[in-house]
Amino acid sequence: MKNLNYTGVTTLVTIVRDVSCSPCSPVSLSLNSPDAPELVKVVLLGAPGVGKTSIIQQFVWNNFVQEYLPTGSRHTYYPTVIINGRVYELKITDLPALPYFPVNSVYELTDLQDYGLRDASAYMMVLDLSNLETFQYLENVREQIAESRDIDAVPLLVVGNKIDLFDNEDDECLAQRRALMDRIKAVWGCGYAECSARYSSLVCQVFRQMMLAVDQREMSSATHACPSLLANFNDALGGSKCSIL
């Protein structure tokens, strides 16, 4: 069991499974933790070479591979985290660069090997800060997600990786970076974070920000569901009275 603590989130267990491997063993939790963690499916999207795999492996393994190895098939990772006292089991999916986002389940099954893209709980969209042209890929994917499902109903976090390679002395680069951040927050209406997978800088905070959005969405859904459940319960009891003798 690996323990990784940082503000607001605790990683209890880290289990990694390649798609070709046998199912992983059950997660064991500490006694003071809830015994039924919720499964959160997180899919990382981005152009080739932006560092999606490196971000995941730093978070899960605390490891960085210097050699660039393009992702050729789906890999799935299962860390378990606690945030705000609630346990979540993450299913983090690392994929090859997608030619397009499937607009329906038929396209996903036939062309994209049933990657589980359309039923993801959250999307982490990664760009390379040293190559801001990789943002165009994210714009295209986001448009396709919006055509496939209600994009406002699913947490989406844009992550600028390779902050260690960004030229802070270039005024033009700084202006482009500010414009990009403004567009993501104002037009897309989603979160934005930066990190360096190479040096494991702010990687945990990236997942913390993602899980805070997921947790907030879960709590909001539960809050909206409770009044209707209570109303149905009261309706069912309508006309019934209890007398104490």
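# Close-up views of the predicted model

**View 1. Helix α3 (residues 134-148) runs for 15 residues and spans 22 Å from first C-alpha to last, close to the 21 Å expected at 1.5 Å a residue.** The expected span is 1.5 Å times one less than the number of residues, and helices here are DSSP runs of H or I with at least four residues, strands runs of E with at least two, both numbered from the N terminus. This is a predicted model, so a few ground rules apply: local features need pLDDT of at least 70, side-chain atom pairs count only at pLDDT 80 or more, and totals for chains, interfaces and linings use all residues. Residues are numbered from 1 along each chain as its sequence is written, and side-chain values use heavy atoms, with hydrogens and water left out. On α3, the buried residues (under 20% relative accessible area; exposed is over 50%, partly exposed in between, 1.4 Å probe, protein chains only) are T134, F135, Y137, L138, E139, V141, R142, I145 and S148. An α-helix has 3.6 residues a turn, so residues three or four places apart point the same way. Cover for the buried residues of α3 comes from elements including β3 (38-46), β6 (122-128), β7 (156-161) and α4 (171-188).

**View 2. Zoom out, and the chain shows five helices and eight strands.** Reading along the sequence, you get β-β-β-α-β-β-α-β-α-β-α-β-α. Of the 245 residues, 40% are buried. Among contacts (heavy atoms within 4.5 Å) with a separation of 6 or more, 67% join residues 24 or more positions apart. The chain exposes about 13,300 Å² (Shrake-Rupley method, 1.4 Å probe; for residues, only the protein chains shown count as cover), and carbon and sulfur atoms supply 52% of that area.

**View 3. The largest nonpolar core has 59 residues, and those with the most contacts inside it are F59, Y123, M124 and V158.** Its biggest share, seven residues, is supplied by helix α5 (residues 203-237). A nonpolar core here is a set of buried Ala, Val, Leu, Ile, Met, Phe, Trp, Tyr and Cys residues joined through side-chain atoms within 4.5 Å. Now centre on Y123: skipping neighbours within four places in sequence, Y123 touches V43, L45, F101, L117, R118, I145, R149, V154, P155, L156, L157 and M210.

**View 4. Strand β4 (residues 75-83) has eight of its nine residues buried, so the rest of the structure largely encloses it.** β4 pairs with β5 (residues 86-94) in the antiparallel sense through seven bridges; pairing takes at least two DSSP bridges between the strands. Across from Y77, the bridge partner in β5 is I92. One of the details to look for is N84, in the loop between β4 and β5. Its phi is near 50°, positive even though the residue isn't glycine. N84 is partly exposed, at 46% relative accessible area.

**View 5. Helix α1 has eight of its ten residues buried, so the rest of the structure largely encloses this helix too.** The buried ones are K52, S54, I55, I56, Q57, Q58, F59 and V60.

**View 6. Searching the whole structure turns up three aromatic pairs.** W61 and Y77 form an edge-to-face pair, 6.1 Å centre to centre with 70° between the planes. This pair bridges distant parts of the chain: W61 sits in helix α1 (residues 52-61) and Y77 in strand β4, 16 residues apart. W61 is partly exposed at 44% relative accessibility, while Y77 is buried at 3%. F135 and W188 form a stacked pair, 5.2 Å centre to centre with 25° between the planes. F135 belongs to α3 and W188 to α4, so the pair ties together parts 53 residues apart in sequence. Both F135 and W188 are buried. For the geometry, rings of Phe, Tyr and Trp (its six-membered ring) pair if their centres lie within 6.5 Å; planes under 30 degrees apart are stacked, over 60 edge-to-face, and the rest tilted.

**View 7. L202 has a phi near 65°, a positive value in a residue other than glycine.** Look for L202 in the loop between β8 (191-194) and α5. At 39% relative accessibility, L202 counts as partly exposed.
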